[in-house]
Amino acid sequence: MKLCMIGTGYVGLVSGVCFSDIGNDVICVDNDIKKIEKLKKGSIPIYEPGLQELVLKNYRNKRLKFSTDLKDSVSKSDIIFICVGTPTKKKDNGADLSQIYNVANEIKNYIKKFKIIINKSTVPVMTGDEIEKIISQKVSKKKFSIVSNPEFLREGDAIRDFIYPDRVVVGTNHKKSNKILKNLYSPLISKGAKYVNTSRRAAELIKYSSNAFLATKITFINELANFCEKIEVNIEDISIGMGLDKRIGGRFLRAGPAYGGSCFPKDTKAIVNTADKFNTNLSIIKSVIKSNEKRSSLLIKRVFDILNNQVKNKKICFLGVTFKANTDDMRDSSCLTMIPSLVKKGALINYYDPTGEKNELKKIKNVNFSHDINSAIKYSDLIIIHTEWNDFKSINFKKKVLNKNFRIFDMRNIYSLTKMRDQKIKYFAIGR
Ligand code: NAD
């Protein structure tokens, strides 16, 4: 099939490459000229394990193309995927849909024969209705169909998640589009993915509801971890004991820092905002958002406790600053709250991240990037393990840290309590 992905970010690039790898002709379009130039030279603008090899393979065999020419790309394709950003609005918590509507307004000029237009971006329920209205200003409804096909991939595992998804959700009542989409996804369905056809509005809501539920699970276990710290119970025991119940499941039940990233914070806010407009109070999700927003200050308070309230001039090292391991994505990482706040109190921050130095931290004074783990931790008073990269899982702290009085705050519970105790390391973790 001939596909066009509009927006070549995490979702557009990964799904475009994977679609080409299963035999389709794919054009990935973006209005960011530099990004497309880079991709044409074989350079990948994001960090995602396995992505570079797959891009190069499919670019070389010409099933994958990159372009900035929307008109040409739409004209040459039968199926158009919209994969642009839907960030939080500046003035309220709703989703900013300007990128989506800009695309709809532009492509309505380029539709001459039947096209299936699929929204893969995460959007509030009924956005598909709006896209349909915009396009029908210029094009007869017989010549297009608007489908919702939300994406559930996780950064860091994006390729695996795309090829082996639990489910593919396709929201459309249009029989022909449903048949074509089922055919497009048949290589994934034959590997075990469940194909779910719903109304367009239901598909839009499934995505927001799923993210809100996962954010709730994380927040639930984070709050229980706070409780465990007071009663000397190990939160890991609770996670295992609860997670083995198949009705609950163990994933997303590990205590840690506040959830972040490009999806959960914005999607929880957006679903609440949309429901409010329909006079429906999603009180559980509202309370999740509040609890998560408080979590970073709660963890900063713990840093103060660990350092006996003496933070000024203390050398604090962050291992990992992205919102989770195996990604370079800094969007809504809890570090963006914690680091400035500790700097304000006089701390001297050193950090190392396997995906390199971060622009977001460059402007903050007393924040320094180290190019390797050893130099990052060398003179630290406190080492904060913020993300769970494999690189951080077997560090010989006793040998590598020159400050005898150093402490560790392991926000991902990577290390064994007993091993740390045996080595006489002042070790603090989450909920245990
Ligand atoms: P992104 O910011 O990485 O990429 C969006 C891309 O769209 C950018 O490269 C931008 O230049 C491009 N773009 C914007 N307007 C354009 C236009 N008019 N023409 C061509 N290109 C245009 O965003 P993302 O992380 O890929 O997310 C895209 C959508 O998918 C969002 O709605 C997000 O919520 C959703 N989503 C993201 C993830 C994830 O893990 N990142 C997972 C599932 C769903």
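A polar contact is a pair of N or O atoms within 3.5 Å. The model is predicted. The protein has 432 residues, with 18 helices and 14 strands.

**Ligand site**
- The shell around the ligand holds 26 residues, and Asp30, Lys35, Thr86, Glu155 and Lys266 come nearest.
- Lys266 places a polar side-chain atom 2.6 Å from an oxygen atom of the ligand.
- Asn31 takes part through its backbone: one of its polar backbone atoms is 3.3 Å from a nitrogen atom of the ligand.
- On its own the ligand has 830 Å² of accessible area, and the protein covers 88% of that.
- Two elements give two or more residues to the shell: helix H1 (10–21) and helix H5 (98–107).
- By residue class, the shell divides into eight nonpolar, 10 polar and eight charged residues.

**Overall fold**
- The secondary structure of the protein comes to 18 helices and 14 strands.
- The radius of gyration is 23 Å, close to the 22 Å that the globule rule gives for 432 residues, so the protein is as compact as a globular protein of that length.
- Along its principal axes, the C-alpha trace spans about 70 × 50 × 45 Å.
- Buried residues make up 53% of the 432 residues.
- Of the contacts with a separation of 6 or more, 70% link residues 24 or more positions apart.
- The protein has an accessible surface of about 20,700 Å², and carbon and sulfur atoms account for 51% of it.

**Ends of helix H2**
- Helix H2 covers residues 33–40, and Asp32 sits at its start.
- There, a side-chain oxygen of Asp32 reaches to within 3.2 Å of the backbone nitrogen of Lys34.
- After H2 comes Gly42, with a positive phi near 85°.

**Asn211 in helix H10**
- Asn211 is found in helix H10, which runs over residues 200–231.
- Is Asn211 buried or exposed? Its relative accessible area is 5%. Buried means under 20%, so Asn211 counts as buried.
- Beyond its neighbours within four places in sequence, Asn211 is in contact with Cys263, Phe264 and Asp267.

Terms used: Residues are numbered from 1 along each chain as its sequence is written. This is a predicted model: local features need pLDDT of at least 70, side-chain atom pairs count only at pLDDT 80 or more; totals for chains, interfaces and linings use all residues. Side-chain values use heavy atoms; hydrogens and water are left out. A residue is near a molecule or strand if one of its heavy atoms lies within 4 Å of it. A polar contact is a pair of N or O atoms within 3.5 Å; within protein, one must be able to donate a hydrogen and the other to accept it, and residues adjacent in sequence count only if both atoms are side-chain atoms. Accessible areas come from the Shrake-Rupley method with a 1.4 Å probe; for residues, only the protein chains shown count as cover. Helices (H or I, at least four residues) and strands (E, at least two) are DSSP runs, numbered from the N terminus. Ala, Val, Leu, Ile, Met, Phe, Trp, Tyr, Cys and Pro count as nonpolar, Asp, Glu, Lys and Arg as charged, and the others, Gly among them, as polar. The radius of gyration is taken over C-alpha atoms; the globule rule is 2.2 Å times the number of residues to the power 0.38. Buried means under 20% relative accessible area, exposed over 50%, partly exposed in between (1.4 Å probe, protein chains only). Contact means heavy atoms within 4.5 Å.
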